[in-house]
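Morning, everyone. I have one model to go through today, and I will keep it short. Please have the viewer open.

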Amino acid sequence: METKAVNYRAAFEAAVETVREEGRYRIFRDIRRKAGAFPRATWFKDDKSEQNITVWCSNDYLGMGQNPCVVEAVKSAVDAAGTGSGGTRNISGTTRYHVQLEAELADLHDKDAALVLTSGYVANEATLGVMSKILPGLVILSDEMNHASMISGIQRARCEKVIFKHNDLADLEAKLKKIPADQPKLIAFESVYSMDADIAPIEQICDLADKYGALTYIDEVHAVGMYGPHGGGVAEERGLMDRIDIIQGTLAKAYGMVGGYIAADSVIIDAVRSTASGFIFTTSIPPSTAAGALRSVKVLKQTPEKREQHQERANELKSRLRAGGYNFIDGDTHIVPLMVGDPVKCQAISDTLINDYGIYAQAINYPTVPRGTERLRFTPSPFHDDIMMDELMSALETVWAEYGLKREKVA
Ligand SMILES: Cc1ncc(COP(=O)(O)O)c(C=O)c1O
């Protein structure tokens, strides 16, 4: 028994050692967000001391996690309904809040129906995972940069899978052409790719889907709440929601809560909710979470100015980095990846920024991004003011020089 335990331990130690050597050991910062002060927060260090920090890597993109209306909705739902939901959706775990939230999400995307799952990850995994059961002989065409949750869902589906080059319409068409016309097909892709900050050619993908008779599945996790007149995502912004068969989103990023969903034709939702094990066999999100998300979706539907402020702040950061000659991905989205290109350096820079300057920017290393493209990923919100931008730029100036990182030109 002892030998066995020793052997197990050695394997776990080896696994940790490998990720350490590769610079992808996961570091967790213990932070406490201060009520109403986002993105200012407190970091509790390993030595038990505390430090004031500014969070530059939160996916609570619009600060809705501290929005007074959302906080109030959560509090009153806890008072009214208690904490947990007490069951799976079909065994006492469906409340008024869940039903209203699904109606609100269906309306947001102009679809018949929506289905809330426990996270965006689960929404992708459960939905894609069951598609081949519903559509025998299905081929799923998947963008090579799709999120891990989509990949996992497609693997679960155990159907034929075809990977097409990232955002490459010619490659997608070449691959569609090879599939027999009578075989069911589904094209799975994202709108905003969160690591490279680029956007899919949604309209052209829909054109190809029409031409070859494929269903379309879009992950709008990094776009819902932030793009489109009502926050319906990039598909709403471009007037394309009716051309997407299944729109997937999260309640955990711009909406500041947790949970995921799909919105689609009611027959699709009906089929998924009766067959997807990731929906059926798990406790539903707490009523208070559904209530908070419901309020958040409603608020963001009615406040396009938050989206404008958000874009303005992202543009401000990009223009400062541009002026400073930094090597960053200057894309069309709110995400600002600042390239480092070395995993160990990337982690060390992230550590220096938080320790010496109170700037929290997570290092993004392999396998989240390809080796050699390690980066810091900045996500400005409407609450990152000019003072915070000044603090960041001045810290980057020193740290980039300290680590010998190149800049095109020094402003
Ligand atoms: C593209 C994409 N899809 C899905 C998810 C999972 O969403 P959630 O965090 O709600 O589980 C993420 C998470 O970061 C993501 O980036």
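First, the ground rules. This is a predicted model, so to speak of local features we need pLDDT of at least 70, side-chain atom pairs count only at pLDDT 80 or more, and totals for chains, interfaces and linings use all residues. Residues are numbered from 1 along each chain as its sequence is written, and side-chain values use heavy atoms, with hydrogens and water left out.

Aromatic pairs, then. The structure has 2 of them. The criterion is ring centres within 6.5 Å for Phe, Tyr and Trp, taking the six-membered ring of Trp; planes under 30 degrees apart are stacked, over 60 edge-to-face, and the rest tilted. Trp56 and Phe378 are edge-to-face, because their planes are at 75°, with the centres 6.1 Å apart. Helices here are DSSP runs of H or I with at least four residues, strands are runs of E with at least two, and both are numbered from the N terminus.

Tyr326 lies in the loop between α12 (304–323) and β13 (336–339) and Trp400 in helix α14 (residues 386–402), so the pair ties together parts 74 residues apart in sequence. Tyr326 counts as buried at 5% relative accessibility, as does Trp400 at 2%.

Next, charges over rings, meaning NZ of Lys or CZ of Arg within 6 Å of the ring centre and within 35 degrees of the ring normal. Arg20 has its charged end over the ring of Tyr25, 4.0 Å from the centre. Arg371 is over the face of Tyr366, 3.7 Å from the ring centre.

On annotation, an unreviewed UniProt entry places "domain: Aminotransferase class I/classII large" at residues 52–396. UniProt positions follow the numbering used here, feature names are shortened, and annotations may be inferred rather than shown by experiment. Over residues 52–396 the chain is 44% helix and 17% strand, with the end C-alpha atoms 18 Å apart.

Last, Ile280, which lies in helix α10 (residues 277–280). Leaving out residues up to four places away in sequence, Ile280 touches Thr88, Arg273, Ser274 and Thr275, where contact means heavy atoms within 4.5 Å. Ile280 and Val224 are 56 residues apart along the chain, and their C-alpha atoms are separated by 25 Å.

How values were computed. Buried means under 20% relative accessible area, exposed over 50%, partly exposed in between (1.4 Å probe, protein chains only).
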